[in-house]
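Hi there,

Here is the structure I promised to pass on. Have a look at it first, and then read on for what turned up.

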Amino acid sequence: MNRQEAMTKTILSRMEIKSRSQPKKIRVFIVEDHHFLRDALKMMFNKARNISIVGESDNGVDAVVRVQEFRPDVCIMDITMKGLNGIDATRQILALCPDTRVLAFSASLRRKSIVQMMRAGASGYMVKTCSGQELIEAVRMVARGKQFFS
């Protein structure tokens with residue numbers, strides 16, 4: 001092995017070790033019709049370790065299109081929105097992007113809303129009165145294939 005090959009092998013080995021030691025960032029897409037709340041969520045997640053916001057939308061129709069484009073690990077989905085609601089958007093997103101996990105994020109505690117989101121394929125349900133830390137933990141759990149409910 002010549003010197004050039006040895007150096008290349010060493011560099012590749014270091015890159016492999018580094019990539020194994022750094023956890024993969026969780027890619028999150030936010031669907032929320034209230035602009036202020038979307039901005040607050042982005043600020044919160046931007047401070048969280050190993051989570052990055054890859055996109056956002058204020059409605060279900062746009063969310064279906066953009067989630068296909070960005071292929072996030074987790075989609076935080078509001079339920080009540082104009083046009084296509086979060087339940088129907090969840091069904092469409094999961095049909096098109098089965099590797100994306102949807103985490104419902106709603107002000108509603110109605111059993112009907114929770115059941116409908118779970119039937120649509122959501123991996124969890126968070127009430128908007130939850131703490132920021134609880135929402136971050138929910139995203140991490142859902143990204144690992146677990147379910148989370150507040």
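First, a term that comes up below: a crossing of two helices is called right-handed if the near helix is turned clockwise from the far one by less than a right angle, and left-handed if it is turned anticlockwise. Please also keep in mind that this is a predicted model.

Let's begin with the sheet. Six strands form an open sheet in the order β2-β1-β3-β4-β5-β6, and their pairing is parallel. The edges are taken by β2 (51-57) and β6 (148-149); each has a single partner strand, so one side of each is left without a neighbour in the sheet. In general, strands of a sheet pair through backbone hydrogen bonds.

If you want a place to start on screen, Phe29 has Cys75 in β3 as its bridge partner.

Next, the helices that lie across the sheet. Helix α2 (residues 35-47) lies across β1, β2, β3 and β4 (101-106), and runs at about 165° to β2. Helix α4 (residues 86-96) lies across β3 and β4, at about 165° to β3.

α4 also packs with two other helices. With α3 (residues 60-70), the packing angle is about 15° and the axes are 9 Å apart. Angles under 35 degrees count as roughly parallel, and α3 and α4 are therefore roughly parallel to each other. α3 passes α4 in a right-handed crossing. On the α3 side, Gly60, Ala63, Val64, Val67 and Gln68 make the contact, meeting Ala89, Gln92, Ile93 and Leu96 of α4. Sorted by class, the residues of this contact are six nonpolar, three polar and no charged.

What about α4 and α5 (residues 111-120): at what angle do they pack, and how far apart are their axes? The angle is about 15°, and the axes are 8 Å apart. α4 and α5 are therefore roughly parallel to each other, and α4 passes α5 in a right-handed crossing. Here Gly86, Ile87, Thr90, Arg91 and Leu94 of α4 meet Gln116, Met117 and Ala120 of α5. The contact of α4 with α5 has four nonpolar, three polar and one charged residues.

Happy browsing, and do write back with any questions.

Best wishes

Note on methods
Residues numbered from 1 in each chain as written. Predicted model: local features only at pLDDT ≥ 70, side-chain atom pairs only at ≥ 80, totals over all residues. Heavy atoms only, no water. Pairing = 2+ DSSP bridges. Helix = DSSP H or I, 4+ residues; strand = E, 2+ residues; numbered from the N terminus. Contact = heavy atoms within 4.5 Å. Axes fitted to C-alpha atoms, helices over the stretch in contact; angles between N-to-C directions. Parallel < 35°, antiparallel > 145°, perpendicular 65-115°, else oblique. Nonpolar A, V, L, I, M, F, W, Y, C, P; charged D, E, K, R; others polar.
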